[in-house]
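Here's a short tour of one protein model and the contacts its side chains make. Keep the picture open while you read, and look up each residue as it comes along.

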Amino acid sequence: MDKVLVEGLRVDAYIGVHDWEHEREQPLIIDLEMDWDNARAATTNDLADALDYSTLSEAVIKLVKAQSWQLIETLAEAVAAMIMQDFKVMRVQVKVGKPQAIVAARQAAVIIVRQQTPA
Ligand SMILES: Nc1nc2c(c(=O)[nH]1)N=C([C@H](O)[C@@H](O)CO)CN2
């Protein structure tokens with residue numbers, strides 16, 4: 001299956017299990033991998049047939065900033081659900097990285113893969 005990727009999307013968010021994490025935003029790095037048939041858009045040369053990564057990225061940023069979060073897992077689930085629902089994506093992988101989570105590490109992260117069952 002073809003893919004559309006968004007790599008290294010930085011979103012500053014209120015996220016964490018500690019009170020102080022809800023007093024200042026922290027950067028998150030989000031990587032997205034969506035199953036999408038790119039052949040149609042390649043043939044028609046029409047954005048309407050493509051998975052528009054610009055619109056999708058804006059929707060992810062809006063969702064992340066709409067509320068505060070505890071776990072990066074919860075955020076990843078919400079992002080995956082929104083992408084499948086609003087963009088008619090059948091399968092999505094979401095990686096959410098939190099660079100400031102562990103002082104001695106480059107980042108902590110989770111990866112989830114979610115798939116819709118065809119109707
Ligand atoms: N699996 C997870 N572990 C932890 C998370 C998380 O979101 N998922 N969050 C934290 C804290 O918020 C941390 O980032 C700062 O102390 C700890 N473990």
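## Around the ligand

This is a predicted model, so treat what follows as a look at a prediction. Which residues sit around the ligand? They are Gly16, Val17, His18, Glu21, Leu71, Ile72, Glu73, Lys98 and Ala101.

For His18, an N or O atom in the side chain is 3.0 Å from an oxygen atom of the ligand. With Glu21, the distance from a side-chain N or O atom to a ligand oxygen is 2.7 Å. Glu73 pairs up with a nitrogen atom of the ligand instead, and a polar side-chain atom of Glu73 lies 2.6 Å from that nitrogen. How much of the ligand does the protein bury? On its own, the ligand exposes 410 Å², and the protein buries 66% of that.

## Asp35 and its partners

Now for the charged pairs: the structure holds eight salt bridges. One of them joins the side chains of Asp35 and Lys3, at 2.8 Å from N to O. Asp35 belongs to strand 2 (residues 26-35) and Lys3 to strand 1 (residues 3-13), so this pair ties together parts that are 32 residues apart in sequence.

Is Asp35 buried or exposed? With a relative accessible area of 13%, Asp35 is buried, because the cut-off for buried is under 20%. Lys3, at 35% relative accessibility, counts as partly exposed.

Asp35 also meets Arg91 in a salt bridge, this time at 3.7 Å from N to O. Here Asp35 in strand 2 is linked to Arg91 in strand 3 (residues 91-98), a distant part of the chain 56 residues apart.

## A strand meets a helix

Another salt bridge brings Arg114 and Glu77 together, and their closest N and O atoms are 2.4 Å apart. Arg114 is in strand 4 (residues 108-115), while Glu77 is in helix 3 (residues 72-87), so to speak a link between distant parts of the chain, 37 residues apart. Arg114 counts as partly exposed at 29% relative accessibility, and Glu77 is partly exposed too, at 33%.

## What the record says

An unreviewed UniProt entry lists residues 4-114 as "domain: Dihydroneopterin aldolase/epimerase". Over residues 4-114 the chain is 32% helix and 32% strand. The end C-alpha atoms of that stretch are 15 Å apart.

Terms used. Residues are numbered from 1 along each chain as its sequence is written. This is a predicted model: local features need pLDDT of at least 70, side-chain atom pairs count only at pLDDT 80 or more; totals for chains, interfaces and linings use all residues. Side-chain values use heavy atoms; hydrogens and water are left out. A salt bridge is a side-chain nitrogen of Lys or Arg within 4 Å of a carboxyl oxygen of Asp or Glu. Helices (H or I, at least four residues) and strands (E, at least two) are DSSP runs, numbered from the N terminus. Buried means under 20% relative accessible area, exposed over 50%, partly exposed in between (1.4 Å probe, protein chains only). UniProt positions are given in the numbering used here, feature names are shortened, and annotations may be inferred rather than shown by experiment. A residue is near a molecule or strand if one of its heavy atoms lies within 4 Å of it. A polar contact is a pair of N or O atoms within 3.5 Å; within protein, one must be able to donate a hydrogen and the other to accept it, and residues adjacent in sequence count only if both atoms are side-chain atoms. Accessible areas come from the Shrake-Rupley method with a 1.4 Å probe; for residues, only the protein chains shown count as cover.
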